[in-house]
Amino acid sequence: MEPDTAAGPSGVPAAPTSRRSVTGTRGTVAALFLLPALLLLGALVVYPIGYSVVRSFYDRSGDGFTGFDNYQALFTDDGIRTALKNNVIWVVFAPTVATALGLIFAVLTERIRWGTAFKLVVFMPMAISMLAAGIIFRLVYDQDPDKGVANAVWVGVHDTFAESSAYPKAHPGRESPLEAAGGGAFVTKGTVSVGDTVTLPLVGVAPDLIPDDAGRAAAPKPEADRITGTTWQDFTRGKGAGTLNEVDADELGYPGMKIEAVKDGTVVETATADADGTFSLSAKADGAQLRLPAGNFQAPYNGLDWLGPSLVTPAIIGSYIWMWAGFAMVLIAAGLAGMPRELLEAARVDGANEWQVFRRITVPMLAPVLAVVTVTLMINVLKVFDLVFIIAPGSSQDDADVLALELYRKGFSEDQPGIASAIAVFLLLLVIPVMWFNVRRLRREVRR
């Protein structure tokens, strides 16, 4: 191809215009436009990374070169080792469960009319910041069932199958005919005989905790062929009011209190107190001691210690899944929308059931999307900090520790910037292979 020429004023052809100069000019213009972004990238990314790498080889003051001592501390410091172990748990479970739930939600919402509304509700936590989500779940996991939703549900389910005691703090008062029998139970000091009346006074139950069906306590009435008695709250308001170990007019019975007649360590008969606290035993109880079993005084079930040392990490992972399952669902639903429906219909025509279609066609065809979602979440959980810092209380924060939190603590709380920089570099080395895998897969998908 001939170079472009132009005639000069005297008719003499001018020098040919170089296409390379045009290309060079365009490159210069492009570089000028990229320069601000490159400067910001260098100042905010490249320089901090480089400085962190250099700083990780120096001591606390920054003056003494320590070599790889800070990196050695990553595997010898107990706090960092706990953080590393928790990070492994996070990487294994959080992305897997979030992706699995996203897949289930995406597949099921295709079959319901209100699928869009359901997706909106599931995706809504993504609009909440990590800080707000942490505060929400700190309240959700509160130990008190009256405050924490998780324990309110757990206690409700537990109490459905195992009734809690109404008298957890009840105990004998002064000069009581009862004494401790071990294991939280109380027993009469002597034996009873047919025709006797027995009083079993107790104290220690707050008035607002006495059952609503409790009535005025009644003194036991003797019966010739039976043993009768009363168990009640032996307390009357006012100084000097009421008579000790006797039923007074304003005192309440203990309805539902269980009484056992025990002979030689064997329970021969049981009874349950009525609303006025009275009970009755047959002649089988003659010569027995009366025992109030420990079940009457068991403290009410208070749920699980969600933020205790053993459950704090799974609990925080649960809050993370609540936030990110919607993200996984939306991406998987987008991949599902692009799946050729004729393959699914052909499989159903050939006799495959829905589980076979899902397992042999849907999941394999969504494998690239599932991989991208899982890897993206893995990168995210390697850097998790906010949820752990906010949700885990001070008493169990060491047990919930992760690398990003340990970096913060070493760098700011313990003033060990060298080790903090080493943790930062270690996190970068962990993230780079996962990011490389994700980028490579995305490029492969673009080529297709």
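Visitor: Over how many bridges do strand β5 and β6 pair, and in which sense?

Guide: This is a predicted model. In it, strand β5, residues 258-263, pairs with β6 over 6 bridges, in the antiparallel sense. Two strands count as paired if there are at least two bridges between them, so β5 and β6, with 6 bridges, meet that cut-off.

Visitor: Which residues face each other there, for instance opposite A261 in β6?

Guide: A261 stands opposite E269 in β6. Another bridge partner in β6 is A271, which goes with I259.

Visitor: What do β5 and β6 form, and how many residues lie between them?

Guide: They form a hairpin with 2 residues between the strands. In the turn, D264 has a positive phi of about 50°.

Visitor: How many bridges join β5 to β8?

Guide: There are 3 bridges, and the two strands run antiparallel. Since pairing needs at least two bridges, β5 and β8 count as a pair because they have 3. In β8, the residue opposite A261 is L290.

Visitor: Let's move on to the rings. How many aromatic pairs does a search of the whole structure find?

Guide: It finds 23 aromatic pairs.

Visitor: Why is the pair of Y141 and W306 called tilted?

Guide: Their ring centres are 5.9 Å apart, and centres within 6.5 Å make a pair. Their planes are at 35°, which is neither under 30 degrees (stacked) nor over 60 (edge-to-face), so the pair is tilted. Y141 lies in the loop between α5 (130-140) and α6 (149-161), while W306 lies in the loop between β8 (289-292) and α7 (312-337), so the pair ties together parts that are 165 residues apart in sequence.

Visitor: How do you know whether Y141 and W306 are buried or exposed?

Guide: Buried means under 20% relative accessible area. Y141 has 10%, so it counts as buried. W306 has 18%, so W306 is buried too.

Visitor: What makes the pair of Y320 and W324 stacked rather than tilted?

Guide: The angle decides: their planes are at 20°, under the 30 degrees cut-off, so the pair is stacked. The ring centres lie 5.8 Å apart. Both residues lie in helix α7, 4 residues apart, about one turn of the helix. Y320 counts as buried at 0% relative accessibility, and W324 counts as buried at 14%.

Visitor: Which residues form one aromatic cluster?

Guide: The members are F57, Y58, F65, F68 and Y71.

Visitor: Now the surface. Which helix gives the largest share of the nonpolar patch?

Guide: That is α1, with 9 residues. The patch covers about 1,100 Å² and includes L34, V45 and I432. α1 (19-55) and α13 (417-447) each supply at least two residues.

Visitor: Why is I432 called partly exposed?

Guide: I432, found in helix α13, has a relative accessible area of 42%. Buried is under 20% and exposed is over 50%, so a value in between counts as partly exposed.

Terms used:
Residues are numbered from 1 along each chain as its sequence is written. This is a predicted model: local features need pLDDT of at least 70, side-chain atom pairs count only at pLDDT 80 or more; totals for chains, interfaces and linings use all residues. Side-chain values use heavy atoms; hydrogens and water are left out. Rings of Phe, Tyr and Trp (its six-membered ring) pair if their centres lie within 6.5 Å; planes under 30 degrees apart count as stacked, over 60 as edge-to-face and the rest as tilted. Buried means under 20% relative accessible area, exposed over 50%, partly exposed in between (1.4 Å probe, protein chains only). Patches are made of residues with over 30% relative accessible area and no salt bridge: like charges are joined within 9 Å, nonpolar side chains (Val, Leu, Ile, Met, Phe, Trp, Tyr) within 5 Å. Accessible areas come from the Shrake-Rupley method with a 1.4 Å probe; for residues, only the protein chains shown count as cover. A salt bridge is a side-chain nitrogen of Lys or Arg within 4 Å of a carboxyl oxygen of Asp or Glu.
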